[in-house]
Amino acid sequence: MNTKEKIFEVSLDLFSKKGYDSVSLREIAEEVGIKKSSIYSHYPSKEAILMDIFDYFTGRFDIGDEDIQLNENNPLLENPEIFYHKGSEAIKNMIFEKKNLKIFKLILIQMHHSETIRSFFENEILTVPLEFWKGLFSILKQKGVIKKDSNPELLAKQYYSFPIYLLLEMCSKYDDIPQEVLEDFFDQAEQHAKFLFDSVKVK
């Protein structure tokens, strides 16, 4: 691990435990084992470290699997449960990384104290995923997979709110989330997705 990577890791650990505003560059430097001035060789400011953390997190949500892209010709959209399961497995691999859970906790801790973090939460955690799921339900409605009177925007909110609730619950209960709790999180999320799809699918 090079110095920049150490700064990243130490900063994330401190930010997620103490909050972004409560951590100074001097404290980061001491934990890394370098002088404060040495940080500027890698990051121009503390906010630059934060933005690098967010860039890393956003990149982990960029799922490149062609099977789970929104495309009217995607055959998996005829069976939304399989489509969801593939996406769920990709997200599962991402969430199981402790680094990503630390970032999520950092966002929850600080979003009401930092406009930058609040905007990131609103855009990347809420708006972008909701647009994806709204698009999915819109395609399913057009293809006649789900009922004609279905409301894609409402379905997206109903679908997405449950896993967000589970994440909030886990982060409020645990500093280090046990593996079995994470496994249960995905089991519950898939059960909820199946229940929702079954309620609106054309029989």
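This is a predicted model: local features need pLDDT of at least 70, side-chain atom pairs count only at pLDDT 80 or more; totals for chains, interfaces and linings use all residues.
A crossing of two helices is called left-handed if the near helix is turned anticlockwise from the far one by less than a right angle, and right-handed if it is turned clockwise.

Helix α6, residues 98–110, packs against α7 at an angle of about 125°, with the two axes 9 Å apart. That angle makes α6 oblique to α7, and by the rule above their crossing is left-handed. On the α6 side, the contact is built from F104, I107, L108 and Q110, while α7 brings in I117, F120, F121 and I125. Sort those residues by class and you get 7 nonpolar, 1 polar and no charged ones. While you're looking at F120, note that this residue also belongs to an aromatic cluster with F54 and F57.

Now follow α7 along to its meeting with α8. Here α7 covers residues 115–142 and α8 covers residues 152–173; their axes come within 8 Å and cross at roughly 130°. So α7 is oblique to α8 as well, but this time the crossing is right-handed. From α7, the residues making the contact are I125, L126, P129, L130, W133, K134, F137, S138 and K141. Facing them from α8 are P152, E153, L155, A156, K157, Y159, Y160 and I164. This contact divides into 12 nonpolar, 1 polar and 4 charged residues.

Next, the rings. The model has 8 aromatic pairs in total. One of them joins W133 and Y159, with 4.3 Å from centre to centre and 50° between the planes, which counts as tilted. W133 sits in helix α7 and Y159 in helix α8, so this pair ties together parts that are 26 residues apart in sequence. Both W133 and Y159 are buried.

A second pair takes us from α7 to another helix. The ring centres of F137 and F197 are 5.7 Å apart and their planes meet at 45°, so this pair is tilted too. It links distant parts of the chain, with F137 in helix α7 and F197 in helix α9 (residues 179–200), 60 residues apart. Both of these phenylalanines, F137 and F197, are buried.

Methods: Residues are numbered from 1 along each chain as its sequence is written. Side-chain values use heavy atoms; hydrogens and water are left out. Axes are lines fitted to C-alpha atoms, for helices over the stretch in contact, and angles run from 0 to 180 degrees between N-to-C directions. Helices (H or I, at least four residues) and strands (E, at least two) are DSSP runs, numbered from the N terminus. Angles under 35 degrees count as roughly parallel, over 145 as roughly antiparallel, 65 to 115 as roughly perpendicular and the rest as oblique. Contact means heavy atoms within 4.5 Å. Ala, Val, Leu, Ile, Met, Phe, Trp, Tyr, Cys and Pro count as nonpolar, Asp, Glu, Lys and Arg as charged, and the others, Gly among them, as polar. Rings of Phe, Tyr and Trp (its six-membered ring) pair if their centres lie within 6.5 Å; planes under 30 degrees apart count as stacked, over 60 as edge-to-face and the rest as tilted. Buried means under 20% relative accessible area, exposed over 50%, partly exposed in between (1.4 Å probe, protein chains only).
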